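The sequence and coordinates are shown first.

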Amino acid sequence: MSQFASLTEATPDAAFVLIEAYKADLSPLKVDLSPGFYRGEDARPWILPSVQKAKQALLKDPTADHEHLPILGHAGLLDSAQKLVFDATSEDASTIASIQTIAGTGANHLGALFLAKASRPQTVWISDPSWINHTEIWQLVDNEIERRIYPYFDKQSFTIDVEGTISTLQSKAREGDVVVLHGCAHNPTGLDFSKDQWKAIANVCEEKRLIPFFDLAYQGFATGDLAEDAWSIRYFFRNTSLEMLVAQSFSKNFGLYGERVGALHVVCRTEGTRSKILNVLKRLSRAEITTPPINGAKIVAKVLGDKDLKQQWQNDLLHMSDRMSSMRERLVDALRKRQTPGSWDHILTDIGMFSMTGLQPDQIRALKEEYHVYLLPSGRVSMTGLTENNVEYVAEAVHKVVLAAKPQ
């Protein structure tokens, strides 16, 4: 008998199940609105011109090889990454411990592992809803750390429940607890705190001595403005005394999904503490991956370290964010034109790739089975799957499933 026969069946990942179902769907009408991958107007992967130019330049480098990076990762990448997130000076950098990771997921995992070993928090607070991996990672890292939710999304009004967020953390969080925060373009809602709301949350974290853990997966990709998308993190960094973590991903804003480029930053406030934290991070990372991948790191470092390429990259970010904004407008216009019942206006003010539709499971199932339109079971829609060629079809499909579900 197998030693593993007693294993329970793991629930398949909903997003990747839909990706495979979409690939197998032979309908010429199919539309994929489920994954968190940017697509161009032709609904195909888009290689950023800045990335393409960086790759061409790197191919001409006669000194290039395939040797290991240091355990901490690519030095040029980490230096540029710190500046991108924190607008960091050399003095700031002396109090930030940074290490290259396997994209944002790896940064979230390594950060959780570090906190589980170094500070032993009683509880980690995660927004309701949130990216599914936030809960999964903390459960796998240390199941004895309690995972609790703070209110975030009001399903009736399609707004942020900021009062619920603040009152929950104020009354229930304890010193040393971790609070997972989305730096910008909240996944899955597309709703972000205002600057005044961020200030209020920073005050609560400072007063309660909590540990903010920012997940920054969409800097520049959300609004096209690098500084605006990092405002919340920079505010906490400049205006509180808190130690904090940032999981930074370059998958979305560089289109380097398969290269797995990311970084973890631990703001530790003193040089002596930074040295200790770096040693712990190196030990943890060494035992898991030895050293991080080099190819994607070289590409990002090349773009961020070259004035012309960085400007091209910022133009690329604007192109992507503008297309998503345009598709938001087109979808809402098409639904309004049909007078489709439901709340749709919030789609215009949400930020980034995602919005919540409020569609019910039977409606989502009908979209897939009858119209070949794929959404996650939560009702989250990914704007990048919309194009000028399919947005009217999607709006008509949504209109029909909503009307079909309404009592006559």
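Is C205 buried or exposed? C205 is buried, with a relative accessible area of 0%; buried denotes under 20% relative accessible area, exposed over 50%, and partly exposed the range in between, with a 1.4 Å probe and protein chains only.

## Basis of the model

The model is predicted: local features need pLDDT of at least 70, side-chain atom pairs count only at pLDDT 80 or more, and totals for chains, interfaces and linings use all residues. Residues are numbered from 1 along each chain as its sequence is written, and side-chain values use heavy atoms, with hydrogens and water left out.

## Cysteines

A search of the whole structure returns zero disulfides, a disulfide being a pair of cysteine sulfur atoms within 2.5 Å. C184 is in no disulfide, and the nearest cysteine sulfur, that of C205, is 17 Å away. C184 is buried, with a relative accessible area of 4%.

## Nonpolar cores

A nonpolar core is a set of buried Ala, Val, Leu, Ile, Met, Phe, Trp, Tyr and Cys residues joined through side-chain atoms within 4.5 Å. The largest one has 67 residues, and those with the most contacts inside it are F86, F236, F250, F254 and W313. Helix α13 (residues 295-305) gives the most to this core, with six residues; helices (H or I, at least four residues) and strands (E, at least two) are DSSP runs numbered from the N terminus.

Contact requires heavy atoms within 4.5 Å. When residues up to four places away in sequence are not counted, F250 touches L77, A81, L84, G255, L256, V261, G262, V300 and L304.

## Serine 50

S50 is found in helix α2 (residues 49-59) and is buried, with a relative accessible area of 0%. Leaving aside neighbours within four places in sequence, S50 is in contact with V303, L309, Q312, W313 and D316.

## Aromatic pairs and charges over rings

The structure holds 16 aromatic pairs. Rings of Phe, Tyr and Trp (its six-membered ring) pair if their centres lie within 6.5 Å; planes under 30 degrees apart count as stacked, over 60 as edge-to-face and the rest as tilted. The pair of F214 and F236 is edge-to-face because the planes lie at 85°, with ring centres 5.0 Å apart. This pair links F214 in strand β8 (residues 211-216) with F236 in helix α10 (residues 231-239), 22 residues apart.

Ring pairs also join Y38, W46, Y218, F221 and F354 into a cluster. The charged end of R380 sits over the ring of F354, 3.7 Å from its centre; this requires NZ of Lys or CZ of Arg within 6 Å of the ring centre and within 35 degrees of the ring normal.
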